[in-house]
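Welcome, and thank you for taking a look.

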Amino acid sequence: MKLRILDYLKDVKEYNGVALSAKFQCTCGSNKFEFSHTGKQTKGILSPFIIKKKGQLVLKATCPNCRSSFIVYDSTKDGSNISDKSSSYEFMPFTSKSLPNNLSVVIKYNYFPEKFKTGEFYSNEFENCFIYIIDENGKEGKALIEE
Ligand SMILES: [Zn+2]
C-alpha cells in the first residue's frame, strides 16, 4: 500500500533511503489545516499535543479553504506496528490556546530500508510518524503527534 497521504505532500525530502519529510498542501493550494483526532489531547509540554487513547489514534486534517479532509494517520492501518484497540471513533477538534486554529505542519517518517518503497511510491509501512507544527517564523516547533 502506498503512503496514505502522498497526494497532500509537498517539498518531499528523502534521507538515505530510510526517512522522508514533507509539508502538507491541500489540492486547492492551501497549506494550513484544522486537525481533529480520536486520541487524547495534552498540554504539549513534555509530550506531543495528541497521544493515543486506549491504544488507538486517528488524526484527520481539514482544509479551511475548500473543506476537503483526509485521514493523516490511523493506528489501525498505518505503519508496520498496527494496533486496533478501539471499535468506534469519535473525532474531537484539536484546539490550543497557544496555537492558531489553522496550522502548517511538517510530517516525517522513518522506515526500515526494505520497506521504504512499494514500487515507485513511498510505502505505508513506516516505523514512525512525527508531525511538527511550523511556527510563525517558519521554524519547526512543538510536536502534534509522535507515533
Ligand atoms: Zn483545500
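In which sense do strand β2 and strand β9 pair, and over how many bridges? Strand β2, residues 19–24, and strand β9, residues 105–110, pair in the antiparallel sense over five bridges. Before going on, please note that this is a predicted model, in which local features need pLDDT of at least 70 and side-chain atom pairs count only at pLDDT 80 or more, while totals for chains, interfaces and linings use all residues. Residues are numbered from 1 along each chain as its sequence is written.

Helices (H or I, at least four residues) and strands (E, at least two) are DSSP runs, numbered from the N terminus. Two strands pair if DSSP finds at least two bridges between them.

The hairpin of β1 and β2 has three residues between the strands, and in it Asn16 takes a positive phi near 55°.

These strands belong to an open sheet of five strands, with antiparallel pairing and the order β1-β2-β9-β12-β13. β1 (9–15) and β13 (140–146) stand at the edges with a single partner strand each, so one side of each is left without a neighbour in the sheet. On average, neighbouring strands of this sheet are turned by 25° against each other, direction ignored; for such angles, axes are lines fitted to C-alpha atoms (for helices over the stretch in contact), and the angles run from 0 to 180 degrees between N-to-C directions.

Now turn to an open sheet of four strands, ordered β7-β6-β3-β8 with antiparallel pairing. Its edge strands are β7 (69–74) and β8 (92–93), each pairing on one side only. Strand β3, residues 34–37, pairs with β8 over two bridges in the antiparallel sense, and the bridge partner of Ser36 in β8 is Pro93. Four bridges join β3 to β6, and these two run antiparallel; Glu34 stands opposite Thr62 in β6. β3 has a covered face with Phe35 and His37, and an uncovered one with Glu34 and Ser36.

A residue is buried if 20 or more other C-beta atoms lie within 10 Å of its own, exposed if 12 or fewer, and partly exposed in between, with C-beta atoms placed from the backbone. Of its 28 residues, Phe35, Ile50, Leu59, Tyr73, Val105, Leu144 and Ile145 touch the most other members. The elements giving two or more residues to this core are β2, β6 (58–62), β7, β9, β12 (128–134) and β13, and β12 gives the most, with four residues. Leaving out residues up to four places away in sequence, Val105 touches Phe24, Ile131, Tyr132, Ile133, Ile134 and Leu144; two residues are in contact if their C-beta atoms, placed from the backbone, lie within 7 Å.

Finally, look at Thr76, in the loop between β7 and β8. Thr76 is partly exposed, because 15 other C-beta atoms lie within 10 Å. Not counting residues up to four places away in sequence, Thr76 touches Gln56, Ile82 and Asp84.

Technical notes
A nonpolar core is a set of buried Ala, Val, Leu, Ile, Met, Phe, Trp, Tyr and Cys residues joined through C-beta atoms within 7 Å.
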